[in-house]
Amino acid sequence: MLKRLSALFVVLLLLAGWWTMPPSLVSPTADSQLSGNVEAALAAGERRVAERYGLIDGAEKRLRWHAAKGTQTEYAVVYLHGFSGSRQEIAPVPELVADTLGANLFETRLSGHGHRSEALAGTRAEDWLADGVEALAVGKALGQRLVVIGTSTGASLALALAEHPRFAAIDTLILLSPNHGPRDPASVWLTRPFGPQIARALVGEYRGFEPANERQALFWSTRYPTAALVEMMRLVDLANAQTPAARVPKALLLYSPGDRVVSVEKLLAAFDTLPAAVKASHAMESTDDPGQHVVAGDILAPANNAEVAERISSFVRSGQALP
């Protein structure tokens, strides 16, 4: 009798563990719902978000024409920012790249980010996938050849879209400090049995961090629900599964060997499996970022802006990395 009760307890425990696991993220198949005037549609969507949550000035989605409004350029640059960040995290690098390439530029805002209230509350990884599909659709409307720049989890998002039809339009994929897993090894448990419950027990309902300066405090969500970390890891899990299928003509990896936010070992291993026809990587130090994670941008690594923009632009044009 005791053995039967013990066996039943184990079965119930396993069932409970399975029940509490977040569902695996599935590769998206739906296309973007944008239609008609893309710029007007984006602005209307941002107004709806602003009416509900308030949007931080400078964090909203931005479409920037290189020359005549509505005119396609040879290249279009699309920027996907990282988890809890905004398009300001590496600004003005995407703009510098677009200027050099003579390209139109679209910098997105991932769902839940840039809010004045309820940052990341209720946001799912599925929302970010939809944002990514939208960004690729906008990019295709802006130019003939897409240059997608992704920072950290924004790079994960790009890779997670590998099997979506829109991914085929990418000419060059730029991965800046891609998130293939946080440096903390315990993060893998977030998507395992009892992971969300353990995270809330250890961290609480909310997680926060101290910003390095006032501008990071403004343009990053420095306090957000712990549940958002689970969604971030769901996206990372899908990105890791999809990276070997992410076929692009050119891919460039820029990262900091001293990164204290994401696992350098994992990002290098993942890049090895990326099936780009031409790919290159370059290690560089961040400047003012305490986490050594953001490798460019006025807010955390201004000294690297020119170099990073030059490395990206040169690689897009030549397919060769600068020494």
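## Basis

The model is predicted: local features need pLDDT of at least 70, side-chain atom pairs count only at pLDDT 80 or more, and totals for chains, interfaces and linings use all residues. Residues are numbered from 1 along each chain as its sequence is written, and side-chain values use heavy atoms, without hydrogens or water.

## Nonpolar cores

The largest nonpolar core holds 54 residues. Such a core is a set of buried Ala, Val, Leu, Ile, Met, Phe, Trp, Tyr and Cys residues joined through side-chain atoms within 4.5 Å. Buried means under 20% relative accessible area, exposed over 50%, and partly exposed in between (1.4 Å probe, protein chains only). Phe83, Trp128, Leu129, Val148, Leu173, Leu175 and Leu235 have the most contacts inside this core.

At least two residues each come from strands E2 (73-80), E4 (143-151), E5 (170-176) and E8 (250-255), and from helices H4 (125-142), H5 (153-160), H8 (227-242) and H9 (264-273). Helices (H or I, at least four residues) and strands (E, at least two) are DSSP runs, numbered from the N terminus. H8 gives the most to this core, with nine residues. Apart from it lies another core, of 32 residues, including Val93, Leu105, Val147 and Ala280.

## H5 against H8

The H5 and H8 axes lie 8 Å apart, at an angle of about 50°. Axes are lines fitted to C-alpha atoms, for helices over the stretch in contact; angles run from 0 to 180 degrees between N-to-C directions. The two helices are therefore oblique to each other (under 35 degrees is roughly parallel, over 145 roughly antiparallel, 65 to 115 roughly perpendicular, the rest oblique).

H5 contributes Thr153, Ser156, Leu157, Leu159 and Ala160 to the contact; H8 contributes Met232, Leu235, Val236, Leu238, Ala239 and Gln242. Contact means heavy atoms within 4.5 Å.

## Trp128 and Ala228

Not counting residues up to four places away in sequence, Trp128 touches Phe83, Leu110, Ser111, His113, Leu120, Thr123, Leu157, Ala228, Glu231, Met232 and Leu235.

Ala228 sits in helix H8. It counts as buried, at 3% relative accessibility. With the residues up to four places away in sequence left out, Ala228 touches Phe83, Leu120 and Trp128. Ala228 and Ala119 are 109 residues apart in sequence, yet 9.7 Å apart in space, C-alpha to C-alpha.

## Gln216

Gln216 belongs to helix H7 (residues 214-219). At 7% relative accessibility, Gln216 counts as buried. Beyond its neighbours within four places in sequence, Gln216 contacts Phe209, Pro211, Thr222, Ile299 and Leu300.
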